[in-house]
Amino acid sequence: MSSAASDPEKGRVENITSNGGTGRTRVSNDVEEYGPNSGDPVSYQRYPSHIANPGPMGLFSFASTTFILSLFNVGTRGISHPNVVVGMAIFAGGLTQFIAGMWEFPRGNVFGATAFASYGSFWMSYATIFIPGSGIMAAFSDPQELNNAIGIYLIAWFMITVFFLLAVLRRNVAFTVLLSCLSVALLLLAIAEWNGMEQVQKAGGVFGIVTGLVAFYIGVSELLVAEPRAVARLPQGLLHT
């Protein structure tokens, strides 16, 4: 008896065939395509799981935290200190996104699991820098030394983001734009930490805002795909635009 383990919310899924009575399963070579509107940019084998798609949750958490911090970086309404984002970075961009990554593993989505877990760890570690109890900022007597250390920290995440970009390049336009903007934002923010130029920091903030908006767009797209009834309730004119 054979059955296809399919997931229309994700990219490519290999059919899993069960050999009756043997207790063994065999993965066939035929791969089912779900088209260019698939939510996941990287091919993966879908494992049997009752876990819903955690992608929208992870994307909204990443988008909201990135968007808020980027608004601070451009000096919106005279804000120059990013400390208010610490709570968002710990619980939304950090913990919630990390959990989304853990839920992607049993679904067989290696890219989603790695990306969400990595950026969840990024936000939690970034927030820790600004928590007085961590003693990180207090350990630096020279402010420029602290800025240099944060710059190196951001450059490391710029490199990680480029690696993720290589995985989605020419596979998914939305994720390519998202990770490209994020790479530029991290690079500019690292340079701003080193040279102290406010214009460079604001430029990094602008790219961060675009990153957040693109992440919101992808999150809404995946959410609508996961909830067909929500799409059915949309105005007909909007569906055809």
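**Chat about a predicted model**

Biologist: How much of the chain is buried?
Modeller: Of the 241 residues in the chain, 41% are buried. Keep in mind that this is a predicted model.

Biologist: OK. How many helices and strands are there in the chain?
Modeller: The chain has 8 helices and 3 strands.

Biologist: And in what order do the elements run from the N terminus?
Modeller: Starting at the N terminus, the order is β-β-β-α-α-α-α-α-α-α-α.

Biologist: How do the lining residues divide into nonpolar, polar and charged?
Modeller: The lining of the largest pocket has 21 nonpolar, 11 polar and 3 charged residues.

Biologist: Switching to the outside. Which residues form the nonpolar patch on the surface?
Modeller: That patch is made of M57, F91, L95, I99 and W103, and together they have about 450 Å² of accessible area.

Biologist: Which helix gives the largest share of the patch?
Modeller: Helix α2, residues 85-104, with 4 residues. I99 sits in that helix, α2.

Biologist: Is I99 buried, partly exposed or exposed?
Modeller: I99 has 32% relative accessibility, so it counts as partly exposed. The buried class is under 20% and the exposed class is over 50%.

Biologist: Where is R77, and is it buried or exposed?
Modeller: R77 is in the loop between α1 and α2. With a relative accessible area of 82%, R77 is exposed.

Biologist: What about phi of R170?
Modeller: R170 is not a glycine either, and its phi is positive at about 65 degrees.

Biologist: And where does R170 lie?
Modeller: R170 is in the loop between α4 and α5. Its relative accessible area is 85%, so R170 counts as exposed.

Note on methods. Residues are numbered from 1 along each chain as its sequence is written. This is a predicted model: local features need pLDDT of at least 70, side-chain atom pairs count only at pLDDT 80 or more; totals for chains, interfaces and linings use all residues. Side-chain values use heavy atoms; hydrogens and water are left out. Ala, Val, Leu, Ile, Met, Phe, Trp, Tyr, Cys and Pro count as nonpolar, Asp, Glu, Lys and Arg as charged, and the others, Gly among them, as polar. Patches are made of residues with over 30% relative accessible area and no salt bridge: like charges are joined within 9 Å, nonpolar side chains (Val, Leu, Ile, Met, Phe, Trp, Tyr) within 5 Å. Accessible areas come from the Shrake-Rupley method with a 1.4 Å probe; for residues, only the protein chains shown count as cover. A salt bridge is a side-chain nitrogen of Lys or Arg within 4 Å of a carboxyl oxygen of Asp or Glu. Helices (H or I, at least four residues) and strands (E, at least two) are DSSP runs, numbered from the N terminus. Buried means under 20% relative accessible area, exposed over 50%, partly exposed in between (1.4 Å probe, protein chains only).
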